[in-house]
Amino acid sequence: MAAAPNPKRNALWSDVFLSDDHKVLAEMARDFSRREIEPLAEKIDRDHHFPREILRQMGALGFMGIMVPVEWGGAGLDTMSYVTVLEEISVACASTSVVMSVNNSLACAPLVKFGSIEQKERFLRPMASGEKLGCYCLSEPGSGSDAAAMKTRAVKKGDKWILNGVKNFITNGREADYAIVYAIVDPDKKHKGIGAFVVDAKSKGYSVGKVEDKLGICGSSTTQIVLENVEVPESCLLGAENDGFKVAMSTLDGGRIGIACQAVGIARAALEEATAYSLEREAFGKPIADLGAIQIHLADMATKTDASRLLMRAAAALKDGDRPFSKQAAQAKLFASEACMEVSTRGIQVLGGYGYTKDYAMERHFRDAKITEIYEGTSEIQRIVIARSLVKEL
Ligand code: CAA
């Protein structure tokens with residue numbers, strides 16, 4: 001049993017700030033998401049089912065390479081379009097939205113920005129159309145937040161690079177066709193000695209290691225990627241030899257807008273379910289929506305969700321205007337992910353005992369929310385990025 005979907009979902013007040021084109025896109029994505037994804041979301045979560053059939057449709061709609069120029073097989077749209085679509089997908093299913101987010105923000109985006117013509121033709125085009133899937137390999141078993149402390153090594157041998165190491169917590173790891181891999185090219189230079197490589201998952205020595213059994217986003221895979229003497233042609237170096245850390249960091253700036261957006265979508269789903277439930281459930285002779293204690297929860301949930309969306313869209317607008325947005329992306333991710341955790345926790349409280357069961361989607365939203373405070377930089381890392389930017393701005 002689940003509360004009926006909120007019939008007012010189309011009336012998102014903050015859409016008034018969108019252009020007419022973005023509004024049309026939002027409506028189209030909302031319709032698709034409600035029709036094609038929402039009915040499958042429970043199964044995707046319960047069976048840890050990778051939503052391949054949905055991703056195929058999303059590829060056909062241009063959702064897997066929204067910001068990739070049309071000449072490289074993408075939709076050629078802006079970041080605002082990306083978050084407009086991604087929020088709608090996230091409302092329905094956070095597992096599907098993280099697959100989409102990683103492909104767009106972490107796999108396609110660095111190829112658009114730093115890729116050679118050859119790399120764009122070979123790797124970007126099929127990922128942008130959704131025919132192939134990408135992943136982003138930065139974290140390792142011994143280094144997550146301190147990304148520059150990685151151990152994976154790339155050694156030049158003739159016209160090839162030989163990669164050895166283990167990458168951890170890689171979203172899309174099990175299904176990805178191509179991986180953006182970061183590795184030490186010069187150990188004496190710390191973060192200035194890191195290179196970025198585009199690696200074909202079919203390469204000899206490339207394998208999927210441990211597949212994580214997770215609390216949430218259960219339909220997406222999170223795995224280790226093991227690299228054992230993987231030969232990568234020189235032409236697969238992404239950007240300059242020592243620019244890998246900058247490639248990684250600037251890519252994550254954009255990725256953080258995507259995760260902020262995912263958090264907004266999960267929070268919105270929790271808010272919609274809690275609101276619908278509060279109208280159906282009666283206590284003390286009236287719908288609980290009329291009880292002050294419930295109204296406080298709903299009002300705070302709505303305000304924090306809307307504030308998160310405004311911060312997230314502000315960061316997207318700065319990125320689209322070619323303005324610095326690193327701090328704003330971190331602020332949006334920090335605020336939206338913590339708000340999402342709070343909103344889904346309070347959502348369970350509104351539903352009471354039912355919220356704690358699998359009869360309602362609320363407990364899925366609660367489990368899915370937590371990861372938004374962790375991946376693509378924990379809340380603690382976002383605070384470091386924000387605080388350092390403040391000092392730099394003085
Ligand atoms: N854009 C471009 N360059 C940047 C940058 C940015 N946003 N941030 C830093 N840099 C550059 C700096 O300018 C500096 O360059 P110079 O030496 O030339 O001046 C260099 O990078 C080093 O910067 P810092 O001294 O700030 O580096 P640091 O080692 O102190 O680390 C950090 C900074 C912010 C903590 C960084 O390590 C970080 O973001 N850590 C978190 C990593 C992360 O988010 N991991 C998530 C992995 S992806 C994932 O979640 C998996 C998935 O599949 C979803």
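1. Helix α2 (residues 52-60) and helix α4 (residues 94-114) have axes that come within 11 Å and cross at roughly 50°. Helices here are DSSP runs of H or I with at least four residues, numbered from the N terminus. Axes are lines fitted to C-alpha atoms over the stretch in contact, and angles run from 0 to 180 degrees between N-to-C directions. The two helices α2 and α4 are therefore oblique to each other; angles under 35 degrees count as roughly parallel, over 145 as roughly antiparallel, 65 to 115 as roughly perpendicular, and the rest as oblique.

2. This is a predicted model, in which local features need pLDDT of at least 70 and side-chain atom pairs count only at pLDDT 80 or more, while totals for chains, interfaces and linings use all residues. Residues are numbered from 1 along each chain as its sequence is written, and side-chain values use heavy atoms, with hydrogens and water left out.

3. On the α2 side, I54, L55 and M58 meet T96, V99 and M100 of α4, where contact means heavy atoms within 4.5 Å. By class, this contact of α2 with α4 has 5 nonpolar residues, 1 polar residue and no charged ones. Ala, Val, Leu, Ile, Met, Phe, Trp, Tyr, Cys and Pro count as nonpolar, Asp, Glu, Lys and Arg as charged, and the others, Gly among them, as polar.

4. Helix α6 (residues 244-280) packs with helix α8 (residues 326-351) at an angle of about 20°, their axes 8 Å apart. Helices α6 and α8 are therefore roughly parallel to each other, and α6 passes α8 in a left-handed crossing. The contact of α6 with α8 has 18 nonpolar, 4 polar and 4 charged residues.

5. Helix α6 also crosses helix α9 (residues 362-371) at roughly 155°, with axes that come within 10 Å. That makes α6 roughly antiparallel to α9, and their crossing is left-handed. In α6, I266, A269, A270, E273 and A274 meet M362, H365, D368 and A369 in α9. These residues divide into 6 nonpolar, 1 polar and 2 charged.

6. Around the ligand there are 23 residues, of which S145, H191, D253, E376 and R388 come nearest (a residue is near if one of its heavy atoms lies within 4 Å). A polar side-chain atom of H191 lies 2.7 Å from a ligand oxygen atom. A polar backbone atom of S145 is 2.8 Å from a ligand nitrogen atom.

Terms used:
A polar contact is a pair of N or O atoms within 3.5 Å; within protein, one must be able to donate a hydrogen and the other to accept it, and residues adjacent in sequence count only if both atoms are side-chain atoms. A crossing is left-handed if the near helix is turned anticlockwise from the far one by less than a right angle, and right-handed if clockwise.
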